[in-house]
Amino acid sequence: VTTQKDDRVFVHILHWNAPLLALPPLPGPLPVKIRSAQTIGGAPVEFTESSDGVVLKVPQAKEDEVDRVVVLALARQAR
């Protein structure tokens, strides 16, 4: 599940135990690039981005964690 506020996309990761998570390309009126990715707590998250979408290296869930959140900071580019 994703939510968005301004130039931030919040990726809510529920019930996912694999080390990688593939997402489709981010929609938008202009080409959208990811400037950075981090957990809601501020730890960096590795990612790769291509025309096929985004792949996140998902941090391991803590034992009592239900919803891991990765924050993607976007940088919109001119066409």
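Q: Which residues is Thr39 in contact with, leaving aside its neighbours within four places in sequence?
A: In this predicted model, Thr39 is in contact with Val45, Pro59, Val69 and Val70. Thr39 itself belongs to strand β4, residues 32-39.

Q: Why does Thr39 count as buried?
A: Its relative accessibility is 16%. Buried means under 20%. Thr39 therefore counts as buried.

Q: Why is Thr2 called partly exposed?
A: Thr2 has a relative accessible area of 49%. Buried requires under 20%, and exposed requires over 50%. The value for Thr2 falls in between, so the residue is partly exposed.

Q: Where does Thr2 lie, and what does it touch?
A: Thr2 lies in strand β1, residues 2-5. Beyond residues up to four places away in sequence, Thr2 touches Val9, Phe10 and Val11.

Q: What makes β3 and β5 edge strands?
A: The open sheet has 3 strands in the order β3-β6-β5, with antiparallel pairing. β3 (20-23) and β5 (47-50) each pair on one side only, and are the edge strands. Neighbouring strands of this sheet are turned against each other by 15 degrees on average, direction ignored.

Definitions and conventions:
Residues numbered from 1 in each chain as written. Predicted model: local features only at pLDDT ≥ 70, side-chain atom pairs only at ≥ 80, totals over all residues. Heavy atoms only, no water. Helix = DSSP H or I, 4+ residues; strand = E, 2+ residues; numbered from the N terminus. Buried < 20%, exposed > 50% of the residue type's maximum accessible area, 1.4 Å probe, protein only. Contact = heavy atoms within 4.5 Å. Pairing = 2+ DSSP bridges. Axes fitted to C-alpha atoms, helices over the stretch in contact; angles between N-to-C directions.
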